Amino acid sequence: MDVLSDAIGAMRVGRPSLSPEVADPSWETEVPPFEGARFYVGTAGRIRVAAPDEAVTLQPGDAVLLPHGIAHTLGNATGSTARFLSGTYRLERARPHPLFQDLADLVSLPAHEDRYPGLQASIDLLRGELDERMHGRDVVLPALLEVLLVHLIRACLRERAGSRATGWCVALDDEVIARSLRAVHERPADPWTVESLGAHAGLSRAAFARRFTAMVGQPPLTYLTWWRLTTAARLLQTTDAPLAAVAQRSGYGSAYSFADAFKREYGISAGRYRQQHRTRPPA
């Protein structure tokens with residue numbers, strides 16, 4: 001699995017939601033903070049989305065993503081009825097992946113098939129499913145929403161990369177750093193060191209550490225530890241693997257060292273965490 005897919009998988013909880021909305025000419029509403037991300041897509045007329053530091057007006061086909069779920073205002077920006085799609089993705093905020101933290105509070109994504117063909121295609125498919133009300137839509141819509149989230153974040157990262165020299169938006173496209181990130185995500189249990197990660201990426205230890213820290217915002221081993229424990233938490237939530245197996249698959253040499261690291265990071269024992277966060281019944 002690639003880094004972006006892992007980041008989304010580590011944060012996403014529950015099912016996404018989507019609803020078509022109609023706004024009368026004088027309509028306006030305050031939207032409270034949300035434990036996740038919100039997005040809107042204009043379908044007819046114009047809709048104004050106003051956050052504390054920025055505001056955008058959606059034309060048909062335009063999208064806007066609020067990845068941190070901040071409070072904002074929605075309003076009709078035309079003299080006639082306007083329509084738009086309103087969607088949410090519930091995300092785990094206790095331990096947000098740093099990739100998400102690198103995104104702006106509000107990202108405007110104007111309709112632009114040449115720049116974001118995947119995003120526009122996803123929007124068109126969603127609109128078609130809502131309009132047609134075909135059989136099987138209860139299966140198709142959640143799947144399309146998952147696809148849309150990936151395209152929204154891809155577009156956000158692309159927009160962000162245009163004005164940044166460092167950060168996750170740049171790191172994922174940096175051949176050297178992306179290679180080391182993929183290695184950590186694909187094989188978190190390997191006995192990685194700064195030197196071995198640097199060698200894997202094709203840089204000396206010192207040069208790699210500087211470049212990784214500048215782009216990712218954390219030293220290599222700090223991020224490695226964070227991802228190992230995130231991997232462990234996901235295993236505790238979704239599998240029946242014994243704690244010793246979870247420790248081994250997460251890169252810890254013993255259940256004791258894993259238990260200490262997990263409790264230090266999460267504030268509770270691994271066993272208690274499993275009881276509280278179980279997402280499926282035991283097999």
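Trp-168, Phe-208, Phe-212, Tyr-223, Trp-226 and Trp-227 form one aromatic cluster. The model is predicted, so local features need pLDDT of at least 70 and side-chain atom pairs count only at pLDDT 80 or more, while totals for chains, interfaces and linings use all residues. Residues are numbered from 1 along each chain as its sequence is written, and side-chain values use heavy atoms, with hydrogens and water left out.

**Exercise 1.** Classify the ring pair Trp-168 and Tyr-223 and locate both residues.

*Solution.* Rings of Phe, Tyr and Trp (its six-membered ring) pair if their centres lie within 6.5 Å; planes under 30 degrees apart are stacked, over 60 edge-to-face, and the rest tilted. A search of the whole structure gives 13 aromatic pairs. For Trp-168 and Tyr-223 the centres are 5.5 Å apart and the planes lie at 55 degrees, so the pair is tilted. Trp-168 belongs to helix α5 (residues 168-171) and Tyr-223 to helix α9 (residues 220-238), so the pair links distant parts of the chain, 55 residues apart.

**Exercise 2.** Determine whether Trp-168 and Tyr-223 are buried or exposed.

*Solution.* Buried means under 20% relative accessible area, exposed over 50%, and partly exposed in between (1.4 Å probe, protein chains only). Trp-168 has 1% and is therefore buried. Tyr-223, at 0%, is buried as well.

**Exercise 3.** Classify the ring pair Phe-212 and Tyr-223.

*Solution.* The centres of Phe-212 and Tyr-223 are 6.3 Å apart, and a plane angle of 55 degrees makes the pair tilted. Phe-212 lies in helix α8 (residues 205-216) and Tyr-223 in helix α9, 11 residues apart. With 2% relative accessibility, Phe-212 is buried.

Terms used
Helices (H or I, at least four residues) and strands (E, at least two) are DSSP runs, numbered from the N terminus.
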